[in-house]
Amino acid sequence: MGNHRLSYYGIYFVIRFLQKLKEFGFQIAMDDFGTGYSYFKYLEQLPVNIINIDQSFTQEIHKSKTRAIVQSILSLAHSLEVKILAEGVEDPYQVCCLKNLDCHYLQSYFFNKALTLNHLLKEYSEASNEKVAFKNDI
């Protein structure tokens with residue numbers, strides 16, 4: 001069996017497996033989009049719900065070329081009806097840029113450190129017992 005046929009059957013297996021996970025309610029994310037092996041063809045083939053923009057783009061969004069690339073990724077995702085998560089958001093400028101570009105989710109220590117499930121549930125239950133105000137105009 002040649003490499004082409006093996007890769008075809010490999011991707012077919014992955015697609016079927018991901019479709020089954022979606023049937024069980026899982027959300028499927030394509031990580032580090034724009035780097036490495038995140039091919040555009042996978043967006044067509046895989047049942048992806050979320051595209052994660054690699055932090056290398058987020059951290060350089062102050063550059064006009066990088067901002068144009070991020071804007072293009074977001075536009076593509078919106079056209080495909082896929083959500084976007086920007087990784088590595090580190091400062092208010094990045095938050096504002098990504099918010100203005102209609103990015104769905106932002107991920108970083110800027111908002112909170114990584115938590116175990118138990119710590120997350122504890123913090124969530126404590127916050128829900130208090131009156132919490134959110135600031136929309138970051």
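**Figure 1. Strands β1 and β2 pair up.** Two strands count as a pair if DSSP finds at least two bridges between them. In this predicted model, β1 and β2 are joined by 3 bridges and run parallel. To find the pairing by eye, look for Met 30, which stands opposite Ile 51 in β2.

**Figure 2. The whole protein chain, before we zoom in further.** The chain has 6 helices and 4 strands. Of the 138 residues in the chain, 28% are buried. What share of the contacts between residues at least 6 apart in sequence join residues at least 24 apart? For this chain the share is 46%.

**Figure 3. Four strands make an open sheet.** The strands are arranged in the order β1-β2-β3-β4, and their pairing is parallel. β1 (29–33) and β4 stand at the edges with a single partner strand each, so one side of each has no neighbour in the sheet. From one strand to the next, the twist averages 20°.

**Figure 4. Strand β3 and its two partners.** Toward β2 (residues 50–53), 4 bridges hold a parallel pairing; here Leu 85 of β3 is the bridge partner of Asn 52. Toward β4 (residues 105–107), 3 bridges make another parallel pairing, and Ala 86 stands opposite Leu 106 in β4.

Figure 5. Let us now turn to two of the helices. Helix α5 (residues 92–100) forms a right-handed β-α-β unit together with β3 and β4. Which strands does helix α4 lie across? Helix α4, made of residues 64–79, lies across β1, β2 and β3, and runs at about 175° to β2.

Figure 6. Is Asn 52 buried or exposed? Asn 52 has a relative accessible area of 9%, so it counts as buried, the cut-off being under 20%. Its side chain makes a polar contact of 3.1 Å with the side chain of Asp 31. Another polar contact, of 3.5 Å, links the side chains of Asn 52 and Glu 87. Setting aside neighbours within four places in sequence, Asn 52 is in contact with several residues, among them Ala 29, Met 30, Phe 33 and Leu 85.

Figure 7. A disulfide is a covalent bond between the sulfur atoms of two cysteines. To be counted here, the two sulfur atoms must be within 2.5 Å. How many disulfides does this rule give? The count is 0.

How values were computed. Residues are numbered from 1 along each chain as its sequence is written. This is a predicted model: local features need pLDDT of at least 70, side-chain atom pairs count only at pLDDT 80 or more; totals for chains, interfaces and linings use all residues. Side-chain values use heavy atoms; hydrogens and water are left out. A crossover is right-handed if, with the strands pointing away from the viewer, the path from the first strand over the helix to the second runs clockwise. Axes are lines fitted to C-alpha atoms, for helices over the stretch in contact, and angles run from 0 to 180 degrees between N-to-C directions. Contact means heavy atoms within 4.5 Å. Buried means under 20% relative accessible area, exposed over 50%, partly exposed in between (1.4 Å probe, protein chains only). A polar contact is a pair of N or O atoms within 3.5 Å; within protein, one must be able to donate a hydrogen and the other to accept it, and residues adjacent in sequence count only if both atoms are side-chain atoms.
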